[in-house]
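Colleague: Before I build on this model, I want to go through its backbone and its contacts. Please put it up, and I will ask as we go.

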Amino acid sequence: MGKTMAEKILSEKSGQDAHAGDIVIAHVDVAAFQDGTGPLGVRQLQKMSLEEVRARRSVLFIDHAAPSPRKELSNDHMLLREFSRKTGAILSEIGEGVIHQRLVESYARPGDVVIGADSHTCTSGALGAFATGMGSTDVAIGMAMGKSWFKVPETYRIEVNGDFTPGVGSKDLILYLIRMLGADGATYKALEFGGPAIDKMSMESRFVLSNMAVEAGAKTGLIASDRKTRQYLKARGRVKDWRALAPEEGAKYERVIVVDASKLVPQIAFPHTVDNTKDIDKGRGTKIDQVFIGTCTNGRIEDLRIAARILRGRERAPHTRLVVVPASRDIYLEALGSGLLDIFVRAGGIIMGPGCGPCVGVHQGVLGDGEVCLSTANRNFRGRMGNPDGFVYLASPATAAFSAIKGQISDPREFFARRQRKKVAKPGKRGRRGRKIHR
Amino acid sequence: MVLRGKAWKFGDSISTDLICPGRFFHLRSNLPELAKHVLEDADPNFASRMSKGDFVVAGNNFGLGSSREHAPTIIKLAGVSAVLAKSFARIFYRNAINVGLPLLECDTDKIELNDEIEVDLATGMIKNVSKGIELKAHPLPKAMLNILNDGGLLAHIEKHGGFKLD
């Protein structure tokens, strides 16, 4: 019988023939903390006088409250820096970016076991790693001992066919899947994404799928490591970290879900749960006080490019604030170098330093009572953005950017349809503002 | 061990954001202070009015969302004896066992606010004294029972020098 990706990786890392349902103790390749969960983990290790790190890579990310808005948090950061000095754990300082983006850029490899004290650690699954979120104590033990225990999950195979309509993308696909499965529809399971649409998809878009696997309750969201994965790692000077990894022929799946990408329309998650998702029609016209483009879900260069393409030469609605947060320093630099940040600022936006931004309600855009935010993040729970009386809607970067201009939830397909019509009408001609039409 | 207390009733999808709100992020290294805000966004009166030994009783998918271990930690620190729910989110479940907070999965529709509850952790029997009915919780998986019985993950590792799950 063939193995799923989860079974394959956990077999390799535990040295036993692992199948769904088994409990294994596996080697940990990467163990990660962030500044909201690391201080508790460090104190747990101090209690045990176990201040050492044995995982292949142990990394501490300061991203959730970065730079620190309060002295209490500054002191937490000091504790992490001190732990790094003592143990040799790598420190990812303020300004370097969000844990999950930094993990895929520099640390996680196909076939790795990655544990992080942050639920969206599953993001690295898009590289073909068994990556999962745990609590502070589990990660502390995993970091110090270089191993952790796992129940080998059953797998739901998500097979995606067809081509996306312009203005619809991987964020809409994953919101649609969570809507279908429910917030606990895949609890304890691994999701494994594949099929022609996933093969064609950029790594940036694949990360979005794996990132939000946990929003259906899943333990991880795996994608085969292929040529695209190799290109991504190669571009980061990490070609040696690449290996091919795919599920085996005849792997046993608890469920197979087939989705036709060409039938998808933009999706909106309504407050206050991620599975409260509807087609964009149902949200059209909802007035927005703040648009937030960023996070470990949608703060990547591809996301900023599509948002900039829509916002170029336009301005945000007067009543709608626009906050843009690149997910890492490299993304920030690329956006800066290619003029994207210029477009956002001219559109009336504000650019924050790389990190989590206002996603967790700590700083940089906390909502007022009754205010509405349209966010590209992965969560919209009550109180998420710092105010239990705020309302968070989730959408793709294209929907967020187009809605920022309109000041209300608006369908980005309108933007792309208009461009399509223009292209057909005046082939090779110059655009309205004398700018060459890019094709 | 038999636990006794009153039921506090919550609905479905109680997220870790509701249990331990992000706006108190700066209190995460001050757990006694953070515990004063436990479940505040789900029921603003809970923390101030609950008595030590009371139970948190909820619907489906309790503890979904963020991996913050502070959520089960402050529920325990506030004096809650156990959480009873129809189902739990994965990370919360593992965290609760790691910090020694007992969880029981059962049909919580049979429990109402202020009902007197008795729970026998060894057998998983739940007695609703007010209604005169008995419920049976799904047993914990062996690996997790071992960790809970040792008093949480730290105590488990210290006792066995590593994982001892079977």
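Colleague: Which residue in β6(A) stands opposite A:Gly116?

Modeller: This is a predicted model: local features need pLDDT of at least 70, side-chain atom pairs count only at pLDDT 80 or more, and totals for chains, interfaces and linings use all residues. Residues are numbered from 1 along each chain as its sequence is written, while chains are lettered from A and ligands numbered from 1 in the order in which they are written. Strands are DSSP runs of E, at least two residues, and helices are runs of H or I, at least four, both numbered from the N terminus. In β6(A), the residue opposite A:Gly116 is A:Gly133.

Colleague: How many bridges join β5(A) to β6(A)?

Modeller: Two strands pair if DSSP finds at least two bridges between them. β5(A) and β6(A), residues 130–133, run parallel. The number of bridges joining them is four.

Colleague: And in β5(A), which residue is the bridge partner of A:Ala31?

Modeller: β2(A), residues 30–34, runs parallel to β5(A), with three bridges. In β5(A), the partner of A:Ala31 is A:Ile115.

Colleague: Which residues cover the two faces of β5(A)?

Modeller: In a regular strand, side chains alternate between the two faces of the sheet. A residue is buried if 20 or more other C-beta atoms lie within 10 Å of its own, exposed if 12 or fewer and partly exposed in between, with C-beta atoms placed from the backbone. In β5(A), residues 113–116, both faces are covered by buried residues: A:Val113 and A:Ile115 on one side, A:Val114 and A:Gly116 on the other.

Colleague: Which residues of A:Leu177's surroundings does A:Leu177 touch, leaving out those up to four places away in sequence?

Modeller: A:Leu177 sits in α6(A), residues 170–181. A:Leu177 is buried because 27 C-beta neighbours lie inside 10 Å. Two residues are in contact if their C-beta atoms, placed from the backbone, lie within 7 Å. By that rule A:Leu177 touches A:Ile158 and A:Ala216.

Colleague: Where is the cis peptide bond with an omega of about -5 degrees?

Modeller: Start with A:Pro67, in the loop between β3 (57–61) and α3 (71–87) of chain A. The cis bond joins A:Ala66 and A:Pro67.

Colleague: What is omega for the cis bond between A:Pro271 and A:His272?

Modeller: A:His272 lies in the loop between β12 (267–269) and β13 (277–279) of chain A. The bond that joins A:Pro271 to A:His272 is cis, with omega about 0 degrees.

Colleague: What is phi of A:Thr295?

Modeller: A:Thr295 belongs to α10(A), residues 295–298. A:Thr295 is buried, with 27 other C-beta atoms within 10 Å. Though A:Thr295 is not a glycine, its phi is positive, about 85 degrees.

Colleague: And phi of B:Leu39: what is its value?

Modeller: B:Leu39 is in the loop between α2 (31–35) and α3 (46–49) of chain B. There, 25 other C-beta atoms lie within 10 Å, so B:Leu39 is buried. Phi of this residue other than glycine is positive, near 60 degrees.

Colleague: Which strands stand at the edges of the seven-stranded sheet of chain B?

Modeller: The sheet is open, with mixed pairing and the order β4-β3-β2-β1-β5-β6-β7. Each edge strand has a single partner strand, so one side of it is left without a neighbour in the sheet: these are β4 (103–105) and β7 (133–136) of chain B.

Colleague: Which residue in β3(B) stands opposite B:Phe55?

Modeller: β2(B), residues 55–58, pairs with β3(B), residues 82–85, in the parallel sense over four bridges. Opposite B:Phe55 stands B:Ala82.

Colleague: Now the interface. Which helix supplies the largest share of the side of chain B that touches chain A?

Modeller: Contacts link 36 residues of chain B with 42 of chain A. α1 (16–19), α5 (90–98) and α7 (153–160) of chain B each supply at least two residues of the side that touches chain A. The largest share, five residues, comes from α5(B).

Colleague: How do α5(A) and α7(B) run: roughly parallel or roughly antiparallel?

Modeller: Axes are lines fitted to C-alpha atoms, for helices over the stretch in contact, and angles run from 0 to 180 degrees between N-to-C directions. Under 35 degrees counts as roughly parallel, over 145 as roughly antiparallel, 65 to 115 as roughly perpendicular and the rest as oblique. The axes of α5(A), residues 136–145, and α7(B) come within 10 Å and cross at roughly 30 degrees. That makes the two helices roughly parallel.

Colleague: Which residues in α7(B) meet A:Thr137, A:Asp138 and A:Ile141?

Modeller: Those three in α5(A) meet B:Leu153, B:Leu154 and B:Ile157.
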